[in-house]
Amino acid sequence: MTAMVLLLGCQPDQSPPPTAEPKIIAHRGGVVGDEFAENSPAAIDAAVERGYWMVELDVRESRDGRLVVHHDEDFRRFFGDERRLAEMNWDEISSLRATPGDSRPQTFDEMAARCKGRIQVMLDTKPPEHSEAFYQAIEDSLRSNGLLAGAYIIGTEQSRTRFHGKARIGVDRKKLREAVESGEDVVRLYFLFEHGRDLDAETVRYAQDLGVPVVPSINIFHYDDLPDHLSAAEDDVRRMLQLGVEEFQIDSPYDVWLRP
């Protein structure tokens with residue numbers, strides 16, 4: 001019996017598990033760990049090889065207006081450089097090399113092209129607010145690589161507003177209820193996006209009854225206050241599976257409970 005079969009077992013009084021394999025969204029740009037730096041080409045390639053459905057790309061803007069895929073404000077993690085991305089030009093950024101992997105930071109165009117025809121994209125734009133040109137460049141890149149219609153949008157409120165109606169937008173339970181009350185086409189426009197440790201059965205079933213995708217985030221950063229983050233994450237994954245959740249945004253150390 002496989003680990004997945006064991007995971008999906010349920011009691012008669014619980015909701016049935018999903019009939020399809022879970023769709024996994026790679027947090028921080030792919031498979032991240034001892035072998036691959038986050039938001040690196042190798043991390044995306046590894047996510048594709050593991051059968052991930054989507055990859056989250058974190059987008060920031062350099063001082064000279066280049067769109068750079070990077071999670072943090074600075075380059076201390078993976079690159080050992082304390083400078084802030086927003087205060088650096090692209091020629092400075094592109095000279096950095098990551099440990100592990102020895103890759104340089106990537107532009108959004110490069111990462112979108114790498115995803116084309118292989119894996120879908122979740123877009124996480126980082127503060128501060130940006131110009132219309134910034135968002136138009138993202139839209140053009142997504143569209144030219146066939147990624148816009150299937151994209152998921154999180155990040156800043158400005159980004160969610162800019163892509164409303166062009167791709168699905170992540171909302172919490174409060175905003176989902178407001179959208180329902182205002183008569184919006186929530187099935188087409190939104191997905192429910194909250195921390196897995198905060199999602200309860202009532203909220204999950206509310207979205208499911210509407211036909212809105214439910215995407216819990218199971219991320220290391222959400223469990224760093226707990227002594228055993230692996231057990232806590234596993235409990236949340238199992239609970240979501242029992243509720244019939246089929247899509248997960250997840251850090252790769254936790255994908256063992258979602259891959260057969």
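Which residues have the most contacts inside the largest nonpolar core? They are F108, I138 and F163, and that core has 58 residues. Helix α11, residues 229-242, gives the most to this core, with five residues. In soluble globular proteins, nonpolar side chains tend to be buried together.

Before we go further, a word of care. This is a predicted model. The protein chain averages a pLDDT of 93, and 93% of the residues score at least 70. Where pLDDT is low, the predicted coordinates should not be read in detail.

Take F163. What does F163 touch, leaving aside its neighbours within four places in sequence? Its contacts include L123, Y135 and L142. I138 is on the list too. So is E139, along with L148, I153 and I169. There is also a second, separate core. This one has 12 residues, including V68, F75, I93 and A98.

Next, helix α2, residues 41-49. Six of its residues to look for are P41, A43, I44, D45, A46 and A47, and they are buried. What covers them? The cover includes strands β1 (23-26) and β2 (54-61). It also includes β6 (106-107) and helix α5 (108-115). After α2 comes G51, with a positive phi near 85°.

N39 sits in the loop between β1 and α2. Its phi is near 55°, which is positive, and N39 is not a glycine. Most residues other than glycine have a negative phi, and most peptide bonds are trans. Is N39 buried or exposed? N39 counts as buried, because its relative accessibility is 4%, under the 20% cut-off.

D102 also has a positive phi, near 60°, and D102 is not a glycine either. Find D102 in the loop between α4 and β6. D102 is exposed, because its relative accessible area is 55%, over the 50% cut-off.

P100 lies in the loop between α4 (90-93) and β6. The peptide bond from T99 to P100 is cis, with omega near 5°. Where is P128? P128 is in the loop between β7 (120-125) and α6. P127 and P128 are joined by a cis peptide bond, with omega about 5°.

On to a helix pair. Helix α8 covers residues 173-181, and helix α10 covers residues 201-210. They pack at an angle of about 35°, with their axes 11 Å apart. The crossing is left-handed. Which residues make the contact? From α8 they are R173, L176, R177 and V180. From α10 they are T203, Y206, A207 and L210. An α-helix has 3.6 residues a turn, so residues three or four places apart point the same way. By type, the contact residues divide into five nonpolar, one polar and two charged.

R173 comes up again with E194. E194 is in strand β10, residues 190-195. E194 counts as buried because its relative accessibility is 10%. Leaving aside neighbours within four places in sequence, E194 is in contact with D172 and R173, and with L199, V215, P216 and S217.

Two more stops. R76 is in helix α3, residues 76-79. R76 is exposed, with a relative accessible area of 51%. Its contacts, leaving aside neighbours within four places in sequence, are D81 and E82.

Last one: G150, in the loop between α6 (132-144) and β8 (152-155). G150 counts as partly exposed, because its relative accessibility is 29%. G150 and V121 are 29 residues apart in sequence, and 7.5 Å apart in space, C-alpha to C-alpha. Leaving aside neighbours within four places in sequence, G150 is in contact with M54 and Q120.

That is the tour. Thank you.

Notes
Residues are numbered from 1 along each chain as its sequence is written. This is a predicted model: local features need pLDDT of at least 70, side-chain atom pairs count only at pLDDT 80 or more; totals for chains, interfaces and linings use all residues. Side-chain values use heavy atoms; hydrogens and water are left out. Helices (H or I, at least four residues) and strands (E, at least two) are DSSP runs, numbered from the N terminus. Buried means under 20% relative accessible area, exposed over 50%, partly exposed in between (1.4 Å probe, protein chains only). Contact means heavy atoms within 4.5 Å. Axes are lines fitted to C-alpha atoms, for helices over the stretch in contact, and angles run from 0 to 180 degrees between N-to-C directions. A crossing is left-handed if the near helix is turned anticlockwise from the far one by less than a right angle, and right-handed if clockwise. Ala, Val, Leu, Ile, Met, Phe, Trp, Tyr, Cys and Pro count as nonpolar, Asp, Glu, Lys and Arg as charged, and the others, Gly among them, as polar. pLDDT is the predictor's confidence in each residue, from 0 to 100. A nonpolar core is a set of buried Ala, Val, Leu, Ile, Met, Phe, Trp, Tyr and Cys residues joined through side-chain atoms within 4.5 Å.
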